[in-house]
Amino acid sequence: MTRQTFNVERKPRVVITQVHGDLQVRTWREQAILVEMDNNAAGMQQEGNTLTLIDCHGNLKLTIPRDAALRAMNVHGDVDVEGIGQVELENASGDVALREIGGDADLENSGAAIELTNLGGDLSVAHAPVVRARHNVGGDVTVNDVQEVEIETVGGDLHAEDVRAILRCNLIGGDCQVQGSTQTEVVVGTIGGDCKVSGAASVHTGNIGGDCEVNDVTEDIEIGYTGGDVSCKGAGGNVLAGHVGGNAALRAIAGSVEVGSIGGDLELQADFPAETRTRLIVGGDAKITLPENANISIRATVGGDVSGRGISTSRGGNIIRLVYGEGAARLDMNIGGDLLLQSTATPRSASSMGGGSWNIDVDVDVEAPEYMQESSWSDFGHEMSQFGRDLSKLGQDVGREIAAAFSEAGWSRGADFANEMARKAEERGRQTQRKAEEQARQAQRKAEERQRQAQRKAEERQRQAQRAHEKAARMNIRFNEREWRLDPGRLERIREQARRAANEGITGAFEAVERAMSNLGVPMHPATPPPPPMPAMPSAPPTPGASTPSGESQTSGQKEMDIEQEREAILHMIAEGRVTPEEGDLLLEALEE
């Protein structure tokens, strides 16, 4: 073994051109460099405060001052460096471990994983399979052509280009810029500045202090909280955002979109596939571009005007329902400003409430989807308010989950980390969907209960009306200090029995009943006249010279004869059971009136 010491001044520099084994670097308090090698080196040269080691055979161990800088090239084994001021490493075949580095680290062309713990300065990594940084990187981080990147905390900016599989980071103090691929999972807990992601399989972020721009994502996008503007162009899955402080521009979205609150304006262009639900709460104006042959139902409360093809309103305060196609997709919105709907077709059904005038050219007025009919606007408002409250905590939830995952993981769990975040994101989506479905079920139950109550009230009103009608038609007759209660059915039965009695030969039965009822004050109505009476036998001619009664005497006698005949007819009806004795008494007393 070769062992040699070189005295140096403060902040020395060590340059190694090649190591055919492992490289290990430790620190001590001596102002010197201790070189220990298994075999000899082709050369060791000290020029001022710089020591150069050329073509070291076997393993190499250096003990140097803490403020020293190391530049090593072409290390064929592993690299293990701890406690020095600065590291530059180029072409390392084995694993690289850097711990407690006070300044910058610049690493290029590593054949195995790079693992760092606490780096005080900037980190630059190019062409490596895996980079993992535990605890803090105090400055900026730049990575290029790396399969997996996992960094717990970045004090400055993060710039990652050509990250092919995974990028995950708990905290970035500055800006974050990521350029990935269709296979890249991007997971970032908190970003102090702006965030830009171009190309990814999925994106999950907790809190972003500035603006957020995400483009060309093949699956889902989840953004918890954004203080500035949000721009998304190209998402193959769903978009979920808790809060957007500024404007939001969402274009070419294939799945559903849910945004808990947007402080500014919204521009949305999406496919709105069938059976998906999009919910939006917008403080400013909203411009919604519907796909060709749109198949969507829209519910919205709009503070300003509503306009679109075949649609116009003036003045604010509109509550609208629109159906395009069969209404298979759902779009629910609270819009503080104006709403512009861009579509190649007019809606097939529309309704509106509010203070503004409403003009619409409807293609075919079709029935609204069932969920629209069953839910009231108060239910809709409550549902959207609850939705906004639920998503307002999304940034905190995602950030907390990512921080907890780093804390629990220690060193990386590999793909399990991204899979866990994706699983939790999917679970949040399912929870949101379950809440929406439960709210819809509650709204449906309330609507059904309201419908049942309305039906019960209508039936009760109908019963009350029927009772009032029956009561109005029922007669209480007081006659000769006696009182009878006769309803229409009973009166009609007595009349009918009188008709039958007359038809069956009881002379004067019908006239008797009608006369009695007339005397009682019972309303008369047209009835089938009784059959004509049997012809009487001709009377003998008057005896010549006999006196003829006066006309008044004849009339009085005829009336007495008619009443007597009618009394006998009623008695016959009582005897035959056509009327009850009580009814017969009433009719007989009424005939005497």
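Predicted model: local features only at pLDDT ≥ 70, side-chain atom pairs only at ≥ 80, totals over all residues.
Student: Which kind of surface patch includes D229, negative or positive?

Tutor: A patch takes residues with over 30% relative accessible area and no salt bridge, joining like charges within 9 Å and nonpolar side chains within 5 Å. D229 belongs to a patch together with D104, D106, E108, D122, D140, D157, D175, D194 and D211. Since Asp and Glu count as negative, the patch formed by these residues is negative.

Student: How many salt bridges does a search of the whole structure find?

Tutor: A salt bridge is a side-chain nitrogen of Lys or Arg within 4 Å of a carboxyl oxygen of Asp or Glu. Searching the whole structure for such pairs gives a total of 25.

Student: How many residues apart in sequence are the parts that E267 and R251 tie together?

Tutor: The side chains of E267 and R251 meet in a salt bridge at 3.4 Å, N to O. E267 lies in strand β27 (residues 266-270) and R251 in strand β25 (residues 248-253), so the separation of the parts they tie together is 16 residues. As for accessibility, E267 is partly exposed at 29%, and R251 is likewise classed as partly exposed, with a relative accessibility of 29%. The sequence separation asked for is therefore 16 residues.

Student: Which helix holds the partner of R495, namely E514?

Tutor: R495 and E514 form a salt bridge of 3.1 Å, N to O. The pair links distant parts of the chain, 19 residues apart, with R495 in helix α5 (residues 488-503). Both residues are buried, and the helix that contains E514 (residues 509-520) is α6.

Student: Is R578 buried or exposed?

Tutor: R578 and E576 meet through their side chains in a salt bridge of 2.7 Å, N to O. E576 is partly exposed, with a relative accessible area of 46%. R578 has a relative accessibility of 13% and therefore counts as buried.

Student: Which side chain makes a polar contact of 3.0 Å with the side chain of D332?

Tutor: D332 lies in strand β34 (residues 329-335) and, at 0% relative accessibility, counts as buried. Its side chain is joined to that of R277 by a polar contact of 2.9 Å, a pair of N or O atoms within 3.5 Å of which, within protein, one must be able to donate a hydrogen and the other to accept it, residues adjacent in sequence counting only if both atoms are side-chain atoms. The side chain that makes the polar contact of 3.0 Å with D332 is that of R299.

Student: What is the relative accessible area of N293?

Tutor: N293 has a positive phi near 55° although the residue is other than glycine, and N293 lies in the loop between β29 (286-289) and β30. N293 counts as exposed because its relative accessible area is 69%.

Conventions:
Residues numbered from 1 in each chain as written. Heavy atoms only, no water. Areas by Shrake-Rupley, 256 points an atom, 1.4 Å probe, with all protein chains shown as cover. Charge placed at Lys NZ, Arg CZ, Asp CG, Glu CD. Helix = DSSP H or I, 4+ residues; strand = E, 2+ residues; numbered from the N terminus. Buried < 20%, exposed > 50% of the residue type's maximum accessible area, 1.4 Å probe, protein only.
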